[in-house]
Amino acid sequence: MALFRRKAASAQPSDTPAAVKELRRPHMRRVVAYYVRKTLTLFSWIFYPVGVIWLLLLPRDEFHHKASVDENALLPGQTTKYFSSMDMYAVNSYRLRVNQLASQTRSPAEYAAFIQSELNGFGMEASIQNFVLATNQGATIGANSYGISRAARGDGTEAIVISSPWMDDGGKVNADGVGYVLAFAKFVTKFSHWSKDFIFLVTHPSPMGTRAWLEAYHGEQPGPNDALQYDPLETHSGAIQEALNLEFGGEGDYAAIEILVDGLNGQLPNADLVTTVVNCAQYEGIPVALHQAVTPEKFDSNWTRYLHKADILAEYMKSQALGLPRSDHALYAKYHIESITLRAIKDIPGAQYRVSGEQIGRAIESALRSFNNLLERLHHAYWFYIMPTAASYIPISVYIPPVILLSVTLVFQSLVMWWMSGEPGQTAPARSQRIKDSPYVARSPQLSSFNTRTRPIFLPIVTMFLCHATGAFALYMSPTILYIAQHGDINPLNMAACVLIVTAVIYGFMIPTLQRLMEGSGASTATTAPAWMVVKCIACAELGAALIALSTLNPSLSIALAIPSVPAFLLAKPTGSHNSFAIQLIALFLASPIGILGAISLLTGLGTAQDLVRRSADGWSLYGAWLFPFVLLVYWPLNLVGHVIVGMEQ
Amino acid sequence: MVFSQGHWWWASLLCLVWLGQAQAGVAITDESYNEDLRFTQLPDGKVLSEFKFIRRIGPLALAKVRDNHYSLLPRSVGEIVQTFGVEELHLTFTQGTWNHQKWGYSPLGAAAGVQLWSWFNTSSVDKQWKGLTHALAGLFCASLNQIDQSNTAQPLLSFLPEGDYGEELPQDVLELRYGSLPHEAVCTENLTPWTKLLPCQTQAGIASLFNAYRLFDGHYHSMGTHIRPIITDDAGRGMEFVQTLSVVLNPLRLDNRKDWSLSSLFERKIASACALASDTKVVVTVPSHPASTLNSPPLSVLTDSHERLSAHYNLDLSTPKDTDFGVTWEDSKVDHGVNRSRWYIDAHRYQTGYGGERGGLAVDLRNHHPTADLDIIYFEAIPWYLKLYLHTLRAETAADASHEIIKDMYYQPAIDRGRPAVLEMKMTLPANSTTTLHLEFDKAYIKYTEHPPDANRGFDIGAAVITFTAIPESPPSPHDIPPQVRIHTETVLVSLPTPDFSMPYNVITLTCTLMALYFGSVFNMLTRQYQPVIVKG
Amino acid sequence: MSLMFSSPETLTRQFEKNRRRVILSVVAVFLLAAPVWWVTTEVYRAPLPIADIRAWTKPQALRQKLAIDIDLHFSGLPEGQTSTDIAQDVNKQLAVIYQSAEEGHVHVDTTKEQASAGIVGEEIVVPNPDVRLSFNVQAAHNATGPPSENGRYSIHVSCQSSSAIPRIHVDAGRSVVIGLPHCNEDVVQTLVGTIAGLFADEQAAYRSILNPSNPTVNTDWDNMRTMKYARKYQLTLSLLVANPSDMIVGWDIKDAIDAYIHPFLDALNDISIFSVHSQVQNYATLPITPEATNKDGSDIHIIQPHVLPQFINSAQWNLASVVTMAPPINFILYIPSQSQKPLHLVKANGDILSTNAFLMPRWGGIVIANPEANSSTYHYDVQELLPFMEIFISQLRDLLGVKTIRIPNAHLILPGVKITYSQAPMTGITLWEHDRLVRWRTIQNIADAAITLNSLATLIERLESMVVLDIIQTQVLQALGSLQSAHTSLQSSSNHTQSSLHARAAITASESAFFDPTMVAMLYFPDEHKYAVYMPLFVPISVPVLIAVLREIKRWKQGRKKKEHAKKE
């Protein structure tokens, strides 16, 4: 640019006519545009590696904020705790009875009846909610039991939920968790310092039960032909402020407590909630784990520290990117309820510290006291963060730039495509010359507005439409496919075969047909731009916009999709040479869902990939997790478009 | 200080003295003061204590009050009644919610927070109402002055006058105002001025049990001030001024026993009877049960229709100091079941929907009577910032659809910042069924100065009031239950869209910048020249 | 087409015109909008006549003259003396005494001093207004009844009275009767002494009103005790019973008030009006414990003078009213509990106070009664209440600033003269006292109103961002008007009733303006905020406009140069 300013400045003959003066401005504009375009065309890919490197730096401590409580009313760990060995005794006895009951019967109704009678015994308004879930495998019958303890001091406008599933996600009876819930139900009635109601909730099976209960609590009624049918609730309390979900599938002595924060679609609770729970636990000397890992005080080297945190971060991003409910707390976020799950870890390799049940009880109590102190909803701290350890976080201001950098490459790419297709300016425009002894000026040809090309619209639209239609069709068919996959008990091999067939159909039939369609028609002429440029322009724009929009809602997913797909799209263009053709196809295929699944099944076996598909499909149909539809409606079609581009006319 | 000088002129007053004495004579007063204290042990072991301080001011004393001579009636109350033309006044401060299901029905039950309704006999009622709320705010150290036009309602059916008015129909001549502050925290600073109104304050009589620590440590605490006209035996309109306090304490909370005594509940005993009280009753009511024994021998014991055993005591100056009452139980078994011995209707209100844009209210109205359909009046005053949609109002019932639930409806739409939406309905609840009312609303965007200091807490929607006439067999003793029974639903907390209060300046700046950009571009367009340059040859 | 082939110059010229129009219109809109913006965003302040207010603090503004007319009636005046001569002599001497105040026993202040009234920490200059009583003594020949208006008095001199020693009788009406054995030269002295003496205290009192910096001891006491003036007072008589379980006490207060208090209040109702309340309170405990002693054989409980200020248990006793704003005057009849009976107040020297009553300056009065407990109830009927009422009245007189009319150190002025004063049987206040009170309040209200207005003006000048509503303005104007008319009516006529009305109006208006709730605006918007908020709008908008304007001016200049060139060639 500087170069140009100098030129412009030097171009000052004393008696330049008005016309030349007038021409200087458009000339400058063109020149600038030309160079911007040129630099973008050459260097727009640079954002991608920058973003990747930045992401790789995130595990370093410089980027981490020590978690601190922003809401002054919380005062975590400051209260005196009354949870004593007596209450612990109650926990243990309840655990035994729960195990006993679980061994006797399988019916949720009886479980619920047991819980209800116990809660009634504490003078609570307890009742049972039955629900039925109709799935491919047939109807699942479930029952939630819950009791409300009215706060002595409060007016019943606010409530705190303490829930636990009857079985943890391992299918094991969550005896200790239920024990704690019942023990606390007994415990809270002994004190009058509570200003919020408590709702004690035991769900089975979960998290479906939690969904049924939450919808009923907020006055929704199931439609006549919904998969999930449930009863309305008999008693209500006020607006639920916080929810604490307990999963202790053990015998009361644990190595650590794990916190599960990310909810449905990766939505997070307010950071204050997490920090409070973590502080209360650590105040009691309980090691707090995140994704099964407890971060030790010191590491033997920075490298190991980096690896440790990178590992946790990877786990964290993985679970957030999937956005599937990992436990009951995941479903609360939709109702603006801050929720978290505490899950006990039996053993951690290398850790011999044991946590006593009383410690856990006191930690839970002091967390409850903190929530009880709150006068308002939690609103001081972040809702957007990434956690490298249980006690620190990366705020949005730090992690959002790399996410954007990754995807913004595509936007620039589409811009470049637009320019190239429209106005192929090859060289920098020369300055306009004055015609001798005349008031007029001859301007350089590049300044002319007549050297533009028209952009073909029909083919691009057809391409985009067909690809998206494919995705939509796949989404529509998915329940059937899954039904077949699950019912005609197809072994993994056949499943793989099935997937291969689908792939073959798509890549062997559909894409070639499209390319045939383009045959001869998409080529560039003197006056028309080549169709592939426009197609790529639209595709890049759509994908870039989608990923950037995604980056605020679910940054992990945005990253996970951007990393493979961005380079593939940068490369994608019609080519004559077979090598580059192959390279592009491979890149695109690796970026495609099927490619990703394939990679996963190569790494961790076919089962996990299959499981992932099923879970994401269920997550969508049962809880409204939109990973599945997003991939099928946006991501995969665009990937197909990429394939088409490769085969188009130059 | 100055000691009074000058007896020099008093001799000349003597003539007046005779004159004065002639009309004075011996003092005849028609005022009376009674104290009434009832302990009821509820099935779940909690103890409900109901204090009543009843003052009856006869026509003569009332005439004296009219020209500002107060003896039994507190001056502050008398002044308020006269200045603002109050015919009837009912003010309650309540903490916690009365648990209808377990505790049955209490005549002293009230909505959480502050509830005030009053019948006026003046013109310009709105002005007087404003003055009344401000005066009461000053008297009871409460923020009653926040009851303004925007949360004042005029119910038609729910709050009928409760005094004796003789022949005349009070609704025709009087005007009613109703206001409530659901989120008013009740505490000692309200109790203290309230007790100062008592004739014996807290130094004698049953009020000597008041121990703020214990009173506010209960599950339910309601403090009432009621004024109503009465017609005493000698023809003429008198006035009744009743102060009530009811509190539910839980003897089981610490040691798991349901024994109780005054000293265990209040850490106090009744010092002595109030000298001014002509009659002091104490009634202890427990579920009649062989395992229970009364701590002190009562005057009389009688059992009511619901197997409840009530022991009656009388206090006077002769009773020994520090008398203690109570019950000792052999077992500690309590019944947490639902108690419907005395009544058949309960109501629960809760919020439906989620998100910041719209929401709804749902009310479960239950009629537990096995056979009889019961008529009720449902009253609800909803603040203006919840935009009601009346067409979304629907009543669902499990009973057969032949019943027409809503008999009659009176609806007054809200005016922004002016008045609340008032909904009053005559309903018939089918026997042994649950009726659910649904109502939906939009949440308004309110000005950022209209948000309370704790903006992120939300807004409390005052309790709905269900009024019905207690059906004959339910009340055992007619005297403690007014013909109209009133129960209150829960308060509901609604969160409106809340701005980030750290941001207003940024918002202003951003908006201004946008406008500036727009202006700048337009201005440039207007003042730039675009003209073709023709190139020849 | 035409455009296509019209030459660049013409196009440019057309465009130049348009551009000029655009810029001019934009600038015009700005200029028009600026004042609107200014007005709509400024704090509303109604203009106040500051100058007039300040004028009332000038020395001459408060210079008053209180005209006192005195009619002389003579009976049996010896030959050689005409009543008119005597009247003139009296006038002369009075003038001498009251003008040049140094000599003579009448103390009249003429020192020019500055007083400071600490309102909003503001030094205001109240010059010595020398409020001066100016007498006009004249002989009245036809005998009329006692004069009926404030400020007009009559003196009857009878020259051959039966008794040997001269007598002076000041009666309850507005007249004095002087009986002399025989009227020689010193009748003038007697008259002068009488008149000067009767008004001496009053004249002295005016110093401390307008010149509180060096008050004489006596008037200082008055100011400490006397209530601040108000149009309406609330009088509350409370019967406080320490322990009704000993004895329930009642009283016939209504009749007692009708009999004793109301006549007095009615006599004052042209100054202030009173609403009288009464109440009975039980279990009214003392915050102080009286000390038990044994005085000549009987056990009594006494309260020392120094603990009396803590006597009022304001936390426990409901003495305040929740509805009225009128300043309260409390009178308490306290019945101690049996354990503390008999309860007595003692003087500093330790002997028991006969009245058993004391007065709380600017608050009210307390009387302690020890009724003997022979039954569980005790009832005060009207007659028993009389002594208490009498004490209350006398305390009320002090609180309201009623002064007994006396001729100070009469033995000097009128040696060997027997002076008697008659009392007001019904009302408890004589017309002399009443008139004096009216005049005194008038002067005081004028002064206070001036001070209040002045400090109000200062307050408003100090806080620029304070909202001043129109109502304030009107009240201030009212106050000024009434001040003016009070002043003129004082100067012109001797109609003190009229001027007192004006003075009252002035003080009421000024006070209501000063204490208006709207004067303390909670949420106001200082100018810094305003500019900070509007800056992001104005700066980016005004920059391109300014540039365009400058460019335009440059072009215009060039154009003119070109033209000149063209002209030259």
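**Note on a sheet, a helix pair and an annotated segment**

1. Strand E11 of chain B and strand E14 of chain B, the latter spanning residues 326–329, pair in the antiparallel sense over 3 bridges. Within this part of the predicted model, Ser292(B) has Trp329(B) in E14(B) as its bridge partner.

2. The strands belong to an open sheet of 3 strands in chain B, ordered E9-E14-E11, with antiparallel pairing. Its edges are formed by strand E9 (260–261) and strand E11 (292–294) of chain B, each of which pairs on one side only.

3. In chain A, helix H6 (residues 175–188) packs against helix H10 (residues 357–373) at an angle of about 55°, the axes lying 12 Å apart. H6(A) is therefore oblique to H10(A), and the crossing by which H6(A) passes H10(A) is right-handed.

4. Which residues of H6(A) meet H10(A)? On the H6(A) side they are Tyr180(A), Phe184(A) and Phe187(A), and on the H10(A) side they meet Gly357(A), Glu358(A), Ile360(A), Gly361(A), Ile364(A), Glu365(A) and Leu368(A). Sorted by class, this contact of H6(A) with H10(A) comprises 6 nonpolar, 2 polar and 2 charged residues.

5. Turning to the record, an unreviewed UniProt entry carries the annotation "transmembrane region" for residues 505–526 of chain B.

Conventions:
Residues numbered from 1 in each chain as written. Chains lettered and ligands numbered in written order. Predicted model: local features only at pLDDT ≥ 70, side-chain atom pairs only at ≥ 80, totals over all residues. Heavy atoms only, no water. Pairing = 2+ DSSP bridges. Helix = DSSP H or I, 4+ residues; strand = E, 2+ residues; numbered from the N terminus. Axes fitted to C-alpha atoms, helices over the stretch in contact; angles between N-to-C directions. Parallel < 35°, antiparallel > 145°, perpendicular 65-115°, else oblique. Left-handed = near helix turned anticlockwise from the far one by under 90°. Contact = heavy atoms within 4.5 Å. Nonpolar A, V, L, I, M, F, W, Y, C, P; charged D, E, K, R; others polar. UniProt positions renumbered as here; feature names shortened; annotations may be inferred.
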